[in-house]
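My entries follow in the order in which I made them.

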Amino acid sequence: DLDELATLLVMADNTRIEIHGHTDSQGNADKNMTLSEERAFAVKTYLMTQASGRFPKNSIEVIAHGQTNPIALNSTASGRAQNRRVQVTVISL
């Protein structure tokens, strides 16, 4: 998925990218916030590597949400797996 996204972003002009990191609710909330930020930064680093020179320094923003925005119940393994995610939003300028 990231390779496809990197290819699409190289072709897109005048875009800004938001990378949102999320976790499930297991563990410490502060550590989950850090983990969600690390996940999002890993995606940012990968995209910048694949499309080096394509993005101005401030065109990719990392936003950490920790466990605050679940999309599924954290009471099941399946729900927790869905909540551990990174979402990328492309914004046309």
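I started with the side chain of Asn83, which reaches the backbone nitrogen of Ile71 at 2.7 Å. The model is a predicted one. I placed Asn83 in helix α3, residues 77-83. Buried or exposed, I asked of Asn83? Its relative accessible area is 0%, so Asn83 counts as buried. I then listed what Asn83 touches beyond four places in sequence: His22, Thr23 and Asp24, and also Pro70, Ile71, Ala72, Leu73 and Asn74. I also checked Asn83 against Ser36, 47 residues away along the chain, and found their C-alpha atoms separated by 11 Å.

I found His65 in the loop between β2 and α3. The relative accessible area of His65 is 16%, and the cut-off for buried is under 20%, so His65 is buried. Setting aside neighbours within four places in sequence, I noted contacts of His65 with His20, Gly21, His22, Met33 and Ser36.

I checked the length of α2, residues 29-50. At 1.5 Å a residue its 22 residues should span 32 Å, and the end C-alpha atoms are 32 Å apart, so the two agree. Which residues of α2 are buried? I listed Asn32, Ser36, Ala40, Val43, Lys44 and Leu47. They cover an arc of only 115° around the axis, and therefore sit on the same side of α2. The general rule I kept in mind is that an α-helix has 3.6 residues a turn, so residues three or four places apart point the same way. On the face turned away from the buried side of α2, I found the exposed residues Asp30, Lys31 and Thr49. At the N-terminal end, Asn28 caps α2, with a side-chain oxygen 2.7 Å from the backbone nitrogen of Asp30.

How many residues make up the largest nonpolar core? I read off 12: Leu5, Ala6, Leu9, Ile17, Ile19, Ala40, Val43, Leu47, Ala51, Phe55, Ile60 and Val62. The elements giving two or more residues to this core are α1 (2-11), β1 (15-21), α2 and β2 (60-64). In soluble globular proteins, nonpolar side chains tend to be buried together. I followed up one core member, Leu9. Beyond four places in sequence, Leu9 touches Ile17, Leu47, Arg54, Phe55 and Val90.

Notes. Residues numbered from 1 in each chain as written. Predicted model: local features only at pLDDT ≥ 70, side-chain atom pairs only at ≥ 80, totals over all residues. Heavy atoms only, no water. Helix = DSSP H or I, 4+ residues; strand = E, 2+ residues; numbered from the N terminus. Expected span 1.5 Å × (residues − 1). Buried < 20%, exposed > 50% of the residue type's maximum accessible area, 1.4 Å probe, protein only. Arc of directions from axis to C-beta. Polar contact = N/O pair within 3.5 Å; in protein donor to acceptor, adjacent residues only side chain to side chain. Contact = heavy atoms within 4.5 Å. Core = buried A, V, L, I, M, F, W, Y, C linked by side-chain atoms within 4.5 Å.
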